[in-house]
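Please look at the sequence and the model, and work through the exercises with a pencil in hand. Try each task before reading its solution.

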Amino acid sequence: MNDFKYEYYNSGNIREAIKEKKNVILPLGAVEAHDIHLPLNTDNILVEYYTNKLAENTNSLVLPTMNYGAVWSLSDASGSIDIGTKTLVELIKNIGLSLAKNGAKMLTLISAHFGNIDAAKTAARELYEISDIKVIYMTYPNIRMYLDIFDVVNDHSLYLHACEVETSMMMHIDESLVAKDKLREGVLNVPEETGYTPTKWTDFTDVYIMGDARLSTKEKGKEIFTRVINDAVGIINREKDKL
């Protein structure tokens, strides 16, 4: 049994595991269009790999991946499934309260999908008001500092989607999941209005790549994961030490 996998425990030993490890990680994914070279469950694959590494390196438990998320920007794209921010907030809150009842001292929300972060932040704040469980949340900490690994990125301060970055990360996990013959250039200059008014990506493109996927390699994916995992482990361990 993987001793960091929450679902492999039973009702006779889970409370002791929670008491010993203190922190439980909730992977937040999504089912969302990732253009024609990546599968719809890309965010779920990324976050499961990512959180398993975090659990192993922080002596934490990790929950099964939440496979559906808040997918507003690409909700009109083929294949996307959007459960909405409010629904996701309530799900996270109830999971947090259940974990607290079982003795968890800390809940770490990790999302590979940037669209989940508003929900994660809101749920963390609401749990702060009604529970003693400590909640932290993140995607890929400091990832913007590490984009020197890559050759071409878009000009937006947040969006990294199906591009050289995300495609390289998928290649590192499993190259067979990437349709290399379908890699193409996407949007490099994201419309300015996305920063200050609701804008669906389908309003300005039918290529769901925020960057250029053609330059992706598994080596770049390994390097970016190494850096962000190291930073995320540091954050989790630092916050665990404060408990």
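This is a predicted model: local features need pLDDT of at least 70, side-chain atom pairs count only at pLDDT 80 or more; totals for chains, interfaces and linings use all residues.

**Exercise 1. In what order do the strands of the open sheet lie, and which are the edge strands?**

Solution. Begin with the general idea that strands of a sheet pair through backbone hydrogen bonds, either parallel or antiparallel. Here the open sheet has four strands in the order β2-β1-β3-β4, and the pairing is parallel. The next step is to look for strands that pair on one side only, and these are β2 (61-62) and β4, the edge strands.

Now take two of the pairs in turn. Strand β1 (residues 23-28) pairs with β2 in the parallel sense over two bridges, and within this pair I25 stands opposite V62 of β2. Strand β3 (residues 106-111) pairs with strand β4 (residues 134-138), also in the parallel sense, over five bridges, and here L109 stands opposite Y137 of β4.

**Exercise 2. Which strands does α2 lie across, and which strands does α6 touch?**

Solution. Start with α2, which lies across β1, β2, β3 and β4 and runs at about 170° to β1. Then turn to α6, which packs on the sheet and touches β1, β3 and β4, while its direction makes about 170° with that of β4.

**Exercise 3. Are α5 and α6 roughly parallel or roughly perpendicular to each other?**

Solution. Two packed helices are described by the angle between their axes and the distance between the axes. Helix α5 (residues 164-173) and helix α6 (residues 218-241) pack at about 95°, and their axes are 7 Å apart. Angles of 65 to 115 degrees count as roughly perpendicular, and α5 and α6 are therefore roughly perpendicular to each other. On the α5 side the contact is made by E164, S168, M169, M171, H172 and I173, and on the α6 side by K218, K220, G221, K222, I224 and F225. Sorted by class, the residues of this contact are five nonpolar, three polar and four charged.

**Exercise 4. What is the angle between α2 and α5, and how far apart are their axes?**

Solution. Helix α2 (residues 42-58) packs against α5 at an angle of about 60°, with the axes 10 Å apart. The two helices α2 and α5 are therefore oblique to each other, and their crossing is left-handed. In the contact, T42, D43, I45, L46 and Y49 of α2 meet E166, M169, M170, H172 and I173 of α5. By class, this contact of α2 with α5 holds six nonpolar, two polar and two charged residues.

**Exercise 5. How do α3 and α4 cross, and is the crossing left-handed or right-handed?**

Solution. The axes of helix α3 (residues 85-101) and α4 come within 9 Å and cross at roughly 45°, so α3 and α4 are oblique to each other. Their crossing is right-handed. Among the residues that meet are L88, I92 and L97 in α3 and A123, L127 and I130 in α4. The contact of α3 with α4 has nine nonpolar, three polar and three charged residues.

How values were computed. Residues are numbered from 1 along each chain as its sequence is written. Side-chain values use heavy atoms; hydrogens and water are left out. Axes are lines fitted to C-alpha atoms, for helices over the stretch in contact, and angles run from 0 to 180 degrees between N-to-C directions. Angles under 35 degrees count as roughly parallel, over 145 as roughly antiparallel, 65 to 115 as roughly perpendicular and the rest as oblique. Contact means heavy atoms within 4.5 Å. Ala, Val, Leu, Ile, Met, Phe, Trp, Tyr, Cys and Pro count as nonpolar, Asp, Glu, Lys and Arg as charged, and the others, Gly among them, as polar. A crossing is left-handed if the near helix is turned anticlockwise from the far one by less than a right angle, and right-handed if clockwise. Two strands pair if DSSP finds at least two bridges between them.
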